[in-house]
Amino acid sequence: MNQTNIVPGVYEIDSLLPKGMRSNIRSVIQLMFEMRIDMKLAIKGIIFDMDNTLLRSRIDFESMKIETYQFLASRGILPKDFSLQDHTSSTIIDIASKNGMMTDELLREMWEIPKKFEMLGMQNVVLESGVVELLHDLKGKYRMVIVTNNSIAAAETALREHEILHFFDTVVGRELMRSLKPSPDGFLYILDRFRNISAEEWISVGDAWIDGKASASAGIKFISYRGDKLKMENMSVYPSAEIADIREIKNYL
Ligand SMILES: [Mg+2]
């Protein structure tokens, strides 16, 4: 047996076994381990991000982030010298929501800001190219779900308007998550809802580092669709694959 590839822990088990059985049992454990490595689980479900993955929205995420921050800083919820560099609106909102200073009234006022930018950005939305063709090809063969930081109502309206809502088993929006992406909450909700599909049998696709981070934290493989490679690397997100056309997902199923 190749000693360098031995399964970690096998020699600890050794000491518990009668001497005569050790090598046989060692071989069986090693074999089971190798089979598990070779076994590639078939993909059964796909988790899509919505904005700029399925729909090319014009949501001004940068201004949304700045205005949300400015609101929170002006109310003394976040410090004046807070660095926005590695944050998104969702991570800023998450920090603010957890510091115990947010009243219901402040929360309501704060949410008006992302809502305003989402509404503006959802006007004149178009489908990313190849989306309809892809969804037609995959329909009935895979579970297909959406996890978006957008609200469920806004997401479903946009998807319905573009006649693709019916392709999806469910749309998980911010109302169903305790924390938004990059938190894995939305992905964990999916794992819990579809208990017959394990994390290894899902694959996710999205354009932003927060999609990759959330996916990895839930143990789900991530494909970057037109993502910013450098930004992802800076945020320690390492996609399994990078695609420039959404139809290329089929190569990874
Ligand atoms: Mg997106």
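Author: Start with confidence: pLDDT is the predictor's confidence in each residue, from 0 to 100. This is a predicted model, and the protein chain averages a pLDDT of 89, with 87% of the residues scoring at least 70.

Reader: Where is the pLDDT below 50?

Author: Over residues 1-6. Beyond near neighbours in sequence, that stretch has 4 contacts in the model.

Reader: OK. How many helices and strands does the chain have?

Author: The protein chain has 10 helices and 8 strands. Of its 253 residues, 33% are buried. Among contacts between residues at least 6 apart in sequence, 62% join residues at least 24 apart.

Reader: Which residues have the most contacts inside the largest nonpolar core?

Author: Ile47 and Ile146, in a core of 36 residues. Several elements each supply at least two residues of this core, including strand E1 (45-48), strand E4 (143-147) and helix H6 (131-138). H9 gives the most, with 4 residues.

Reader: What is Ile47 in contact with?

Author: Leaving aside neighbours within four places in sequence, Ile47 is in contact with Val145, Val147, Phe187, Ile190, Trp202, Ser204 and Ile220. Another core, of 13 residues, lies apart from the largest one; Leu78, Met110, Ile113 and Phe117 are among its residues.

Reader: Switching to strands. How many residues of E7 are buried?

Author: 4 of its 5, so E7 is mostly covered. Strand E7 runs parallel to strand E6 (residues 202-206), and 4 bridges join the two. Gly206 stands opposite Ser224 in E7.

Reader: Which strand does E7 join through 3 bridges?

Author: Strand E8 (residues 241-243), which also runs parallel to E7. In that pairing Tyr225 stands opposite Ile243 in E8. The chain gets from E7 to E8 through H10, and this β-α-β crossover is right-handed.

Reader: And what do E6 and E7 make with the helix H9?

Author: A right-handed β-α-β unit, with H9 covering residues 209-217.

Reader: Now the backbone. What is the phi of Arg226?

Author: About 50°, a positive value although Arg226 is not a glycine. Most residues other than glycine have a negative phi. Arg226 lies in the loop between strand E7 (221-225) and helix H10 (229-234).

Reader: Where is the cis peptide bond that joins a lysine to a proline?

Author: Between Lys181 and Pro182, with omega about 20°. Most peptide bonds are trans. Pro182 is in the loop between strand E5 (170-172) and helix H8 (185-193).

Reader: How far apart in space are Pro182 and Asp94?

Author: They are 9.9 Å apart, C-alpha to C-alpha, and 88 residues apart in sequence. Asp94 lies in helix H4. Leaving aside neighbours within four places in sequence, Asp94 is in contact with Ser179, Leu180 and Ser183. With 17 C-beta neighbours inside 10 Å, Asp94 counts as partly exposed.

Reader: Then which residues of H4 are buried?

Author: In H4 (residues 89-98) they are Ser89, Ser90, Ile92, Ile93 and Ala96. They cover an arc of only 160° around the axis, so they are on the same side of H4.

Reader: Why would residues a few places apart in a helix point the same way?

Author: An α-helix has 3.6 residues a turn, so residues three or four places apart point the same way.

Reader: What do the buried residues of H4 pack against?

Author: Helix H3 (61-74), helix H5 (104-121) and H9. Just after H4, Gly100 takes a positive phi of about 80°.

How values were computed:
Residues numbered from 1 in each chain as written. Predicted model: local features only at pLDDT ≥ 70, side-chain atom pairs only at ≥ 80, totals over all residues. Buried ≥ 20, exposed ≤ 12 C-beta atoms within 10 Å, placed from the backbone. Pairing = 2+ DSSP bridges. Right-handed = clockwise from strand over helix to strand, strands pointing away. Arc of directions from axis to C-beta. Contact = placed C-beta atoms within 7 Å. Core = buried A, V, L, I, M, F, W, Y, C linked by C-beta atoms within 7 Å.
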